[in-house]
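Dear colleague,

I am passing on the structure below, together with some notes on what was found in it. Please read them with the structure open beside you.

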Amino acid sequence: MAQETMKEDPSSRTESLGRNEEVQIEELDTMESGGNNDKVPIELSEEMMDRTEMMESTHTEFEMVDHTEMMDSTHTESEERGDEPTETNENAPDDKTTGETSNSDVVSRRIPKRVKDMYTQADWWSLWIGLISFAIALAFVFLSPKYESGDPRWKYIIPQPMKWTNNPLDAWDLYNLIGVPLLLFVLGSLYLLSLKFMGKITDEKPILKYAKGFAGMAILAVLSFWLGRQEWCAKNGLGYAIFAILFGMIIANTPFLINNLPSLKLASKDGEFFIKSSLVLLAVEFSVLGRVGWQAIVVAWVGSPLALLAGYWIGSRLFGMDAGLSLLVAVGSTWCGASAMSAVAAIIETSSADLSLSISVVAFFTVIFTFVQAYFALAVGMPHDVAGARVGGGVD
């Protein structure tokens, strides 16, 4: 009510003052026309001037009040719409740059967070690098010349230093001399690509600096492998891992080396990322794929997803189980048991109680079927290769 009264007062008060002014002017004209100019009181003219000034001042004040109220109303409406306040910036970019930035921001906001995490998070990039590395390994296995069973070349189908005794050059042949640099170049490119998407490449940390650091680590890795392949070292437990740790300790604890190798120091900070990427392919002997053929790929990459989908459908639809619980049990039964269930539980954000229950159920039946499936294969005379694939695909 107070605001409505304030809004009505300016016009009504102005009209009232205007009428009073007109009356006073008419009286003054009448007195002037009647020849009584000497009788016009001085107070009258002074009062008229005071009223005129007061009217102008009042009008100006109410205009300021209305302008302030309009600004407040606009600000309130902007807050209700969720708009961010704007500030004047002399160094603001031009309209073209602002338009491009706003368009990229709009596109970025439309991408779901889970999708964006697939190409901006280190955990996801470790999986992509592992998957691409696996595809490269398959190309080496199936596109390389076919060797006879028992040929030592199968062990070194992936380019790497070979076993040697006295002459270190025996560890290298033309295949490895060409294959190792090419393989490291591809892996280095994937590493730099992941850094670009993760936003780690900046003006202070350029891509060339990361590339030099990766090249330095690649040289140390090849040298560690080379020494670890020596026959006496391999027999006495001095493998490539021991030499790699030894080289790392020497460099990290030598001020002259660590201060003059800033690129290597920068790349070494991504050690956890390298470990995650290597774990994807840890303990995998790709020569096995060459011996068993493409059928092994079909069993591993087609049979497992089908078993996962079937287990999830049976649990959620046929038995009416909770969808999250059913998925955890299916994943644990099909893939890597407790570790796979823990990884999936973090993604679907299930409760710890469901995770514990799933691990218990899968572990219980795993113990039983570890013996049941093996003796069943022996009872029916199942071939060893088929039995191994069946037990490996169904038991953790």
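Which residues form a nonpolar patch on the surface? They are Met118, Trp128, Leu131, Trp294, Val298, Trp301, Val302 and Leu306, with about 780 Å² of accessible area together (Shrake-Rupley method, 1.4 Å probe, with only the protein chains shown counting as cover for residues). Such patches are made of residues with over 30% relative accessible area and no salt bridge, where like charges are joined within 9 Å and nonpolar side chains (Val, Leu, Ile, Met, Phe, Trp, Tyr) within 5 Å; a salt bridge is a side-chain nitrogen of Lys or Arg within 4 Å of a carboxyl oxygen of Asp or Glu.

Please bear in mind that this is a predicted model, in which local features need pLDDT of at least 70 and side-chain atom pairs count only at pLDDT 80 or more, while totals for chains, interfaces and linings use all residues. Residues are numbered from 1 along each chain as its sequence is written, and side-chain values use heavy atoms, with hydrogens and water left out.

Helix H5 (122-143) and helix H14 (294-318) each supply at least two residues of the patch, and the largest share, five residues, comes from H14 (helices are DSSP runs of H or I, at least four residues, numbered from the N terminus). Leu306 lies in H14 and is exposed, with a relative accessible area of 54% (exposed means over 50%, with a 1.4 Å probe and protein chains only).

Elsewhere, Glu349 is found in the loop between helix H16 (337-348) and helix H17 (352-380). Glu349 is also exposed, at 66% relative accessible area, and has a positive phi of about 55° although it is not a glycine.

With regards

Definitions and conventions: Buried < 20%, exposed > 50% of the residue type's maximum accessible area, 1.4 Å probe, protein only.
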